[in-house]
Amino acid sequence: MKLHHNSYQESSIKIDYQSFEKVYELYWEKVFAVCYNNIKEVEPAKGMVQEIFKSLWERRSELEIEKIEHYLVRSAKFKAFEYIRNKVNRQKHNEFHVMDCSVSSNCTEEQVLFNDLKGKVEVLVDTLPCQCKRVYKMSREQGMANKEIAELLSISERAVEYHITKAMTRLKTGLASY
């Protein structure tokens with residue numbers, strides 16, 4: 001198998017040791033650039049690159065990739081968005097904890113209710129169909145615009161709207177008692 005930039009884009013490949021090395025050599029800088037440009041932090045970006053290539057290697061037997069560059073860039077974007085989401089969630093959690101517990105006399109009760117509601121939402125989100133769950137999380141948890149989601153997932157904006165509406169309907173029904 002000859003390995004050129006274009007060979008990864010024209011036909012699907014199976015990853016073996018040699019092709020993995022070539023893919024890593026050809027694309028690690030681009031994957032790092034995507035991660036870094038999204039999060040602006042060197043060390044976490046390096047870690048993301050390692051996680052992406054580690055996952056590629058570990059899943060090599062089950063993957064058949066048509067456009068390796070597209071796959072890697074997409075993986076890098078997902079990793080960066082996941083990192084940002086987690087960082088924002090940690091910050092929000094810390095702010096909520098400090099603000100609420102210092103002001104409220106019913107801090108423990110409110111925290112228990114909040115955690116209960118949050119857990120219920122997470123359970124409901126986890127029961128959504130795969131694509132619907134992915135779209136919901138990108139929209140509501142990562143704050144992405146419908147157009148961004150559509151481009152990233154290669155679906156129409158209308159499909160994104162459909163998945164969000166479906167998710168919100170399920171959540172409203174499941175949270176009716178709240």
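## The model and its conventions

The structure is a predicted model, in which local features need pLDDT of at least 70 and side-chain atom pairs count only at pLDDT 80 or more, while totals for chains, interfaces and linings use all residues. Residues are numbered from 1 along each chain as its sequence is written, and side-chain values use heavy atoms, with hydrogens and water left out.

## Overall make-up

The protein chain has eight helices and zero strands, where helices (H or I, at least four residues) and strands (E, at least two) are DSSP runs numbered from the N terminus. Read from the N terminus on, the order of elements is therefore α-α-α-α-α-α-α-α.

Of the 178 residues in the protein chain, 31% are buried; here buried means under 20% relative accessible area, exposed means over 50%, and partly exposed lies in between, with a 1.4 Å probe and protein chains only. The chain exposes about 11,500 Å², and carbon and sulfur atoms supply 52% of that area, as computed by the Shrake-Rupley method with a 1.4 Å probe, for which only the protein chains shown count as cover for residues. Among the contacts (heavy atoms within 4.5 Å) with a separation of 6 or more, 60% are between residues 24 or more positions apart.

Helix α3 covers residues 42–58, and its 17 residues reach 24 Å from the first C-alpha to the last, close to the 24 Å expected at 1.5 Å a residue; the expected span is 1.5 Å times one less than the number of residues. The buried residues of α3 are Ala45, Met48, Val49, Ile52, Phe53 and Leu56. They cover an arc of only 125° around the axis, which puts them on the same side of α3, the arc being that of the directions from the helix axis to the C-beta atoms.

On the other side of α3, Glu43, Lys54 and Glu58 are exposed. Two of these residues, Lys54 and Glu58, form a salt bridge whose closest N and O atoms are 3.5 Å apart, a salt bridge being a side-chain nitrogen of Lys or Arg within 4 Å of a carboxyl oxygen of Asp or Glu. Because they are four residues apart in helix α3, Lys54 and Glu58 are separated by about one helical turn.

## Nonpolar cores

A nonpolar core is a set of buried Ala, Val, Leu, Ile, Met, Phe, Trp, Tyr and Cys residues joined through side-chain atoms within 4.5 Å. The largest one holds 22 residues, of which Val31, Phe53, Leu56, Ile68 and Leu72 touch the most other members. Helices α2 (17–39), α3 and α4 (68–103) each supply at least two residues of this core, and the largest share, seven residues, comes from α2. If residues up to four places away in sequence are not counted, Val31 touches Val49, Ile52, Phe53, Leu72 and Ala76.

Apart from this core lies another, of ten residues, among them Met144, Ile149, Leu152 and Ile164. Helix α7 (residues 146–153) has Ile149, Ala150, Leu152 and Leu153 as its buried residues, and just after α7, Ser154 takes a positive phi of about 55°.

Ala80 is placed in helix α4 and is buried, with a relative accessible area of 0%. Residues up to four places away in sequence aside, Ala80 touches Cys35, Asn38, Ile39 and Met48. The C-alpha atoms of Ala80 and Lys40, which are 40 residues apart along the chain, are separated by 9.9 Å.

The count of salt bridges comes to eight. One of them joins Glu41 and Lys87, with the closest N and O atoms 2.7 Å apart, and this pair links distant parts of the chain, since Glu41 is in the loop between α2 and α3 whereas Lys87 is in helix α4, 46 residues apart. Glu41 is partly exposed, at a relative accessible area of 22%, and Lys87 also counts as partly exposed, at 31%.

The side chains of Lys79 and Glu82 meet in a salt bridge at 3.9 Å, N to O. Being three residues apart in helix α4, Lys79 and Glu82 are separated by about one helical turn, and salt bridges that share partners join Glu51, Lys79 and Glu82 into one network.
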